[in-house]
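Let's take a walk through the aromatic side chains of this one. Have the model open and follow along.

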Amino acid sequence: QVQLVESGGGLVQAGGSLRLSCAASGRVYAMAWFRQAPGKEREFLASVSWSGRPDYTDSVKGRFTISRDNAKNTVYLQMNSLKPEDTAVYYCATRVSATRDSTAYNYWGQGTQVTVSS
């Protein structure tokens with residue numbers, strides 16, 4: 001029984017930053033961030049294992065940082081140097097072990113909109 005709630009999305013100009021949060025109720029292990037733009041497939045961004053090991057897709061490596069606070073059951077995504085192509089709904093998800101495959105995740109948040117203007 002896990003519920004995930006994302007927050008922190010909004011409108012930002014290109015080059016700006018946002019920090020997304022995902023608060024979980026119930027036990028969580030690996031956590032990940034995905035995004036989905038209109039008409040596009042859900043895209044893996046980053047994951048972090050229960051022990052804190054991160055994994056990033058190449059398109060966000062060096063710009064985005066995933067972290068977690070196990071005491072708070074919360075995962076964060078710090079997004080810097082945002083680009084218009086980052087515009088999407090951002091989702092957090094959790095499962096036992098980390099993977100880049102969206103279909104493998106058991107629980108999902110409702111999503112938070114990120115819009116980057118040029």
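Which residue lies over the face of W108? That's R42, sitting at 4.6 Å from the ring centre. R42 also lies over the face of Y91, this time at 3.9 Å from the ring centre. Keep in mind that you're looking at a predicted model.

Now zoom out to the rings themselves. Searching the whole structure turns up five aromatic pairs. Take F34 and W108: their ring centres are 5.1 Å apart and the planes make an angle of 55°, so the pair counts as tilted rather than edge-to-face, which would need an angle over 60 degrees. F34 belongs to strand β4 (residues 30–36) and W108 to strand β10 (residues 107–108), so this contact ties together parts of the chain that are 74 residues apart in sequence.

W108 is partly exposed, with a relative accessible area of 27%.

W108 has another partner in Y91, and here the arrangement is edge-to-face, with 6.4 Å centre to centre and 80° between the planes. This pair links distant parts of the chain too: Y91 is in strand β9 (residues 88–95), W108 is in strand β10, and they are 17 residues apart. Y91, at 14% relative accessibility, counts as buried.

How values were computed
Residues are numbered from 1 along each chain as its sequence is written. This is a predicted model: local features need pLDDT of at least 70, side-chain atom pairs count only at pLDDT 80 or more; totals for chains, interfaces and linings use all residues. Side-chain values use heavy atoms; hydrogens and water are left out. Rings of Phe, Tyr and Trp (its six-membered ring) pair if their centres lie within 6.5 Å; planes under 30 degrees apart count as stacked, over 60 as edge-to-face and the rest as tilted. Helices (H or I, at least four residues) and strands (E, at least two) are DSSP runs, numbered from the N terminus. Buried means under 20% relative accessible area, exposed over 50%, partly exposed in between (1.4 Å probe, protein chains only). A charge sits over a ring if NZ of Lys or CZ of Arg is within 6 Å of the ring centre and within 35 degrees of the ring normal.
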